[in-house]
Amino acid sequence: LICRGCGHRFNSAACDAAMVVHGPRLQCHHCGMQEHVPETCPECESEKLHPFGPGTRKVMQEVKHLFPDARVDVADRDSVQSDKDMGAIVTRMEKGGIDILVGTQMIAKGHHFPALTLVGVLDADMGLAHGDMRAAERTFQLLTQVAGRAGRAEKAGEVVLQTHTPEHPLFAALKAYDRDAFYHLELKSRKGGKLPPFGRLISFILSGENEGEVVQAAQTLVQQAPHQDGVDVLGPAPAPITRIRDKYRYRLLLRSDAPAHKLVKDWLEQVALPKKVRGDIDVDPQSFY
């Protein structure tokens with residue numbers, strides 16, 4: 001939610017993240033904090049508050065405007081609270097009671113709608129901006145799955161992807177349904193960075209309420225890091241979302257040619273973290289937040 005009068009953004013008080021509009025309320029997707037959408041801006045008292053971004057409700061408004069006679073429904077975290085809710089939407093789609101379904105990733109896979117002939121994806125490249133080595137892999141997987149919803153029966157299907165980076169090799173592979181081309185492209189990228197499956201990763205997240213203490217603990221950890229061939233310690237650096245639930249988060253990444261469990265165990269036994277700094281270890285991390 002942004003004020004068009006002064007540019008104020010409504011951020012979570014406990015996290016370095018923007019609050020997201022869900023109907024009449026704002027919610028932080030990281031700490032769960034909620035509050036009602038205000039009528040005026042707390043900075044300039046303007047009433048020009050604007051929900052920004054292609055959320056499902058905004059897309060639904062545009063769809064209803066462009067196709068006033070269509071029967072439109074939505075499947076997102078606000079409308080689908082249980083398996084029963086999702087089942088009702090699936091049943092209406094199967095019986096032809098919905099012409100256009102607007103939804104989040106929850107409708108991307110596992111559903112068979114024989115009459116569905118067109119799939120459109122907004123911001124198809126959004127997942128590529130996450131700074132995660134698996135970002136392209138996950139994006140390719142998700143887009144392949146959602147594309148597979150169209151034309152599953154007698155009627156032919158069409159898929160339209162909106163992207164700011166149409167030149168990205170991922171989209172060339174998608175257009176050709178060439179999984180192997182993407183696979184080899186991704187392997188080449190991973191090999192150059194010594195990333196899995198060509199190397200092993202162990203992630204460390206240090207967190208605490210005092211940012212200075214967290215930074216100092218991270219630096220101490222790096223100073224005591226093992227020095228041997230085939231092992232690199234990267235960081236410390238602020239986590240992509242540095243503050244969650246009023247705790248500051250800094251991360252290190254150990255990259256090695258082989259499993260390094262004992263190496264890490266010996267390393268950490270030499271370093272005593274402050275009592276108010278928490279250390280979390282993630283072997284073969286799947287998330288880089």
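**Salt bridges and cores**

Start with lysine 262 and aspartate 266, whose side chains meet in a salt bridge, 2.9 Å from N to O. This is a predicted model, by the way. The two residues sit four apart in helix H7, so about one helical turn separates them. Lysine 262 is exposed at 61% relative accessibility, while aspartate 266 is partly exposed at 31%.

Arginine 92 and aspartate 73 form a salt bridge of 2.4 Å, N to O. Arginine 92 belongs to helix H2 (residues 83-94) and aspartate 73 to strand E6 (residues 72-75), so the bridge ties together parts 19 residues apart in sequence. Aspartate 73 is buried, at 18% relative accessible area, whereas arginine 92 is partly exposed at 34%.

Aspartate 284 and arginine 200 make another salt bridge, at 3.2 Å, N to O. Here the link spans 84 residues, from the segment after strand E13 (278-283) to strand E10. Both ends are partly exposed: aspartate 284 at 34% and arginine 200 at 27%. Over the whole structure, a search turns up 14 salt bridges.

What about the nonpolar side chains? The largest nonpolar core has 17 residues, and those touching the most other members are Ile202, Phe204, Leu206, Leu221, Leu252, Leu254 and Trp267. Strands E10 (200-208) and E12 (247-256) and helices H6 (211-223) and H7 (261-269) each give it two or more residues, with H6 supplying the largest share, four. A second, separate core holds 14 residues, among them Leu143, Ala150, Ala173 and Phe182.

Note on methods
Residues numbered from 1 in each chain as written. Predicted model: local features only at pLDDT ≥ 70, side-chain atom pairs only at ≥ 80, totals over all residues. Heavy atoms only, no water. Core = buried A, V, L, I, M, F, W, Y, C linked by side-chain atoms within 4.5 Å. Buried < 20%, exposed > 50% of the residue type's maximum accessible area, 1.4 Å probe, protein only. Salt bridge = Lys/Arg side-chain N within 4 Å of Asp/Glu carboxyl O.
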